[in-house]
Amino acid sequence: LLSTISTLGSSISTLLSKQERDFLSAYRAHMQNVQKDFYSMRSEVEAKEEALRQNVVVRQLERERDWYRKEALHLDKVVGKSVKRE
């Protein structure tokens with residue numbers, strides 16, 4: 001009976017060790033996938049933020065272009081009127 005209990009104890013210890021190794025292996029694999037997904041998402045967010053910044057810059061440049069165009073047309077009218085007076 002004692003030898004059976006001893007054998008059972010060692011069998012349980014062996015089984016627990018194997019299950020622990022399997023669990024840790026699966027956990028590491030899962031965490032690697034999570035980390036890969038995290039870096040992928042971070043990269044995607046950075047790319048979208050950069051696109052948004054570029055869009056803001058483009059809109060600002062377009063506003064400046066429109067202002068300069070309007071100012072050039074205004075100055076053209078003023079010069080045209082002064083030329084006609086002379």
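Let us begin at the surface, where Lys 77, Lys 81, Lys 84 and Arg 85 gather in a patch of positive charge. Patches here are made of residues with over 30% relative accessible area and no salt bridge, with like charges joined within 9 Å and nonpolar side chains (Val, Leu, Ile, Met, Phe, Trp, Tyr) joined within 5 Å. Lys and Arg count as positive and Asp and Glu as negative, while His and the chain ends are not counted. Each charge is placed at NZ of Lys, CZ of Arg, CG of Asp or CD of Glu.

A word on what you are looking at: this is a predicted model, in which local features need pLDDT of at least 70 and side-chain atom pairs count only at pLDDT 80 or more, while totals for chains, interfaces and linings use all residues. Residues are numbered from 1 along each chain as its sequence is written, and side-chain values use heavy atoms, with hydrogens and water left out.

Now step back to the whole. Along its principal axes, the C-alpha trace spans about 125 × 10 × 5 Å. You can follow this from Leu 1 to Asp 76, which are 75 residues apart in sequence and 111 Å apart in space, C-alpha to C-alpha.

How much of this protein is buried? Of its 86 residues, 0% count as buried, where buried means under 20% relative accessible area, exposed over 50%, and partly exposed in between (1.4 Å probe, protein chains only). The accessible surface comes to about 8300 Å², of which 60% belongs to carbon and sulfur atoms. Such areas come from the Shrake-Rupley method with a 1.4 Å probe, and for residues only the protein chains shown count as cover.

Helix H1 covers residues 2-85, Met 31 included. Met 31 is partly exposed because its relative accessible area is 35%. Together with Phe 23, Leu 24, Tyr 27 and Val 34, Met 31 forms a nonpolar surface patch of about 460 Å² accessible area.

Side chains of opposite charge can pair when their charged atoms come close. The whole structure holds five salt bridges, each a side-chain nitrogen of Lys or Arg within 4 Å of a carboxyl oxygen of Asp or Glu. In one of them, Lys 18 pairs with Asp 22, with the closest N and O atoms 3.0 Å apart. These two partners sit four residues apart in helix H1, about one turn of the helix. Glu 44 and Lys 48 meet in another, at 3.8 Å from N to O, and they too are four residues apart in helix H1. Asp 66 forms a salt bridge with Arg 69, also with 3.8 Å between the closest N and O atoms. Asp 66 and Arg 69 are three residues apart in helix H1, so about one helical turn separates them. Salt bridges with shared partners join Arg 65, Asp 66 and Arg 69 into one network.

Technical notes:
Helices (H or I, at least four residues) and strands (E, at least two) are DSSP runs, numbered from the N terminus.
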